[in-house]
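Here is a short report on one structure. Please read it alongside the sequence and the coordinates.

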Amino acid sequence: MPIDPTQPYDDQNIFAKILRGEIPAKTVYDDDYAVAFHDIAPQAPHHILVIPRGRYVSWDDFSANASDEEIAGFVRAVGAVARAAGVVESGYRLLANVGLDAGQEVPHLHVHIFAGQPLGPMLSR
Ligand code: 5GP
């Protein structure tokens with residue numbers, strides 16, 4: 001079920017549990033600002049999720065309320081994850097679903113990195 005992006009942060013969401021180490025994830029990157037791990041249901045040869053360590057429901061929440069340091073740290077982490085995955089030369093796509101129409105399912109900001117094959121049109125037609 002898509003989430004309501006205006007809801008308060010839920011500490012029991014699945015990515016909060018991954019951040020606390022309560023459930024496993026195939027982590028590929030970890031720093032003071034962000035953690036990245038493989039999506040459990042990959043939709044491309046590379047499908048990595050990058051999440052901020054802070055408690056932010058969505059891109060809307062993060063862009064409005066995170067500190068400049070958190071935003072810079074997170075954006076740099078997304079780039080570092082893509083470089084570490086070796087997908088810069090072949091290309092990659094970033095996606096952040098926000099709220100109902102986008103179908104956001106997990107209420108903790110996450111950026112998807114897709115790569116490893118031609119990714120098709122931006123939106124389904
Ligand atoms: P959204 O639709 O919110 O943008 O994307 C949520 C993503 O989280 C989906 O691609 C889904 O496969 C992934 N996901 C959901 N639960 C888990 C989980 O427990 N572990 C991992 N690694 N990914 C998950």
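## Helix H3 and its end

Gly 86 comes after H3 and has a positive phi, near 75°. Helices (H or I, at least four residues) and strands (E, at least two) are DSSP runs, numbered from the N terminus. This is a predicted model: local features need pLDDT of at least 70, side-chain atom pairs count only at pLDDT 80 or more, and totals for chains, interfaces and linings use all residues. Residues are numbered from 1 along each chain as its sequence is written, and side-chain values use heavy atoms, with hydrogens and water left out.

H3 covers residues 68-85, which is 18 residues. The expected span is 1.5 Å times one less than the number of residues. For H3 that gives 26 Å, and the end C-alpha atoms are 26 Å apart, so the two values agree.

Which residues of H3 are buried? They are Gly 73, Phe 74, Ala 77, Val 78, Gly 79, Ala 80, Val 81 and Ala 82. Buried means under 20% relative accessible area, exposed over 50%, and partly exposed in between (1.4 Å probe, protein chains only). The buried residues of H3 pack against strands E1 (27-30), E2 (34-38), E3 (46-52), E4 (92-95) and E5 (111-115), and against helix H2 (59-65). Contact here means heavy atoms within 4.5 Å.

Val 75 is also in H3. Its relative accessibility is 46%, so Val 75 counts as partly exposed. Val 75 and Asp 60 are 15 residues apart in sequence and 15 Å apart in space, C-alpha to C-alpha.

## Aromatic pairs

The whole structure holds 4 aromatic pairs. One of them is Tyr 56 with Phe 62, an edge-to-face pair at 5.2 Å centre to centre and 75° between the planes. Rings of Phe, Tyr and Trp (its six-membered ring) pair if their centres lie within 6.5 Å; planes under 30 degrees apart count as stacked, over 60 as edge-to-face and the rest as tilted. Tyr 56 and Phe 62 are both buried.

Trp 59 and Phe 62 form a tilted pair, 6.4 Å centre to centre with 55° between the planes. Both lie in helix H2, 3 residues apart, about one turn of the helix. An α-helix has 3.6 residues a turn, so residues three or four places apart point the same way. Phe 62 is buried, with a relative accessible area of 2%. Trp 59 is partly exposed at 38%. Tyr 56, Trp 59, Phe 62 and Phe 74 form one aromatic cluster.

## The E1-E2 hairpin

E1 and E2 form a hairpin with 3 residues between them. The two strands pair in the antiparallel sense over 3 bridges; pairing requires that DSSP finds at least two bridges. Thr 27 stands opposite Phe 37 in E2.

His 112 sits in strand E5. Its relative accessibility is 9%, so His 112 counts as buried. The side chains of His 112 and His 47 are joined by a polar contact of 2.8 Å. A polar contact is a pair of N or O atoms within 3.5 Å; within protein, one must be able to donate a hydrogen and the other to accept it, and residues adjacent in sequence count only if both atoms are side-chain atoms. Leaving out residues up to four places away in sequence, His 112 touches residues including Asp 39, Arg 93 and Asn 97.

There are 17 residues around the ligand, each with a heavy atom within 4 Å of it. Asp 39, Asn 97, Glu 105, His 110 and His 112 come nearest. A polar side-chain atom of Asp 39 lies 2.5 Å from a ligand oxygen atom. For Glu 105, a backbone N or O atom lies 2.7 Å from an oxygen atom of the ligand. A polar backbone atom of Val 106 is 3.2 Å from an oxygen atom of the ligand.
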